[in-house]
Amino acid sequence: MPIKIAPSILTADFGRLAAEIATAEDAGADWIHLDVMDGHFVPNITIGPLVAAAVRTATRLPLDAHLMIADPDRYIQPFRDAGVDSITVHAETCVHLHRTLQSIRAAGARAGVALNPATPLDAVKEVVQDLDVLLIMSVNPGFGGQRFIERSLDKIRAAREMLNDFGSPTAELQVDGGVSNATIASVVRAGASVVVAGSAVFNQSGSVASNIDGLRQAAASTPQ
Ligand code: DX5
Ligand code: ZN
């Protein structure tokens with residue numbers, strides 16, 4: 001299966017967001033990744049359901065909401081109403097993770113769990129069959145443009161084994177943070193099926209189309 005690329009709009013030009021997203025869609029992006037931050041679970045504040053609904057009108061691609069927020073249960077329905085297709089919560093924010101995943105599926109979205117770099121894979125062991133997306137963070141959440149944490153590769157490999165052995169056959173293994181032309185091949189080799197890329201897609205040094213092409217080529221090459 002070819003790797004799916006999910007551009008994060010975090011480093012896009014928000015003044016012309018619809019055009020940025022259309023360019024990514026035309027360039028073959030697979031999902032659009034929405035980084036939702038609350039200034040509480042993470043230091044940064046970004047977007048809410050209002051902007052997600054505006055993004056919904058700009059693309060037909062699946063919208064992937066990554067909730068880096070405290071008490072995410074309160075926002076499942078508002079994001080679903082905004083038209084997102086998958087909702088990923090952080091295990092670190094959920095006291096009743098199993099219930100939260102059931103609520104996301106009951107709302108009609110694909111259910112995802114994200115793990116911070118310091119959170120062991122064991123945190124999702126008991127809910128692996130309830131997951132549609134397992135998101136391994138390869139940076140600490142909060143900001144785009146950070147350096148890929150190399151140790152994440154072992155965790156991605158272990159996550160791939162866990163999903164193969166016990167997960168739903170359609171579950172995606174997503175990796176988020178520091179994915180670039182230099183790191184994407186190792187991430188794919190380790191077993192990721194979806195990569196998020198923010199600053200590697202929306203930046204000043206290349207067009208969105210050439211950046212996505214570059215990532216696809218690098219993904220197919222030998223890891224650096
Ligand atoms: C980090 C976010 C990421 C980030 C990715 O908190 O979850 O999605 O925007 O940005 P890059 O690809 O620049 O690391
Ligand atoms: Zn993200």
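Two strands pair if DSSP finds at least two bridges between them. The views below come from a predicted model.

**View 1. Strand 5 and strand 6 run parallel.** Strand 6 covers residues 133-137. The two strands are joined by 4 bridges. One pairing sets Leu115 against its bridge partner Ile136, in strand 6.

**View 2. Strand 4 pairs with strand 5.** Residues 86-90 form strand 4. It runs parallel to strand 5, and 5 bridges link them. Across from Gly112 in strand 5 stands Thr88.

**View 3. Helix 4 belongs to a β-α-β unit with strands 4 and 5.** The helix takes in residues 97-106. The unit is right-handed.

**View 4. Strand 5 is largely enclosed by the rest of the structure.** This strand spans residues 110-115.

**View 5. Four residues supply the protein donors of the zinc ion (ligand 2).** They are His33 (NE2), Asp35 (OD), His66 (ND1) and Asp176 (OD). These donors lie 2.1 to 2.3 Å from the zinc ion. Along the chain, their spacing reads H-x1-D-x30-H-x109-D. His33 sits in strand 2 (residues 32-37) and His66 in strand 3 (residues 63-68), so this pair ties together parts 33 residues apart in sequence.

**View 6. The site of the zinc ion (ligand 2) is octahedral.** It has 6 donor atoms, with angles of 69 to 170° among them.

Definitions and conventions:
Residues numbered from 1 in each chain as written. Chains lettered and ligands numbered in written order. Predicted model: local features only at pLDDT ≥ 70, side-chain atom pairs only at ≥ 80, totals over all residues. Heavy atoms only, no water. Buried < 20%, exposed > 50% of the residue type's maximum accessible area, 1.4 Å probe, protein only. Right-handed = clockwise from strand over helix to strand, strands pointing away. Donors = N, O, S within 2.8 Å, 3.2 Å for Na, K, Ca; no water. Tetrahedral: all angles 85-135°; square planar, octahedral: opposite > 155°, others 65-115°.
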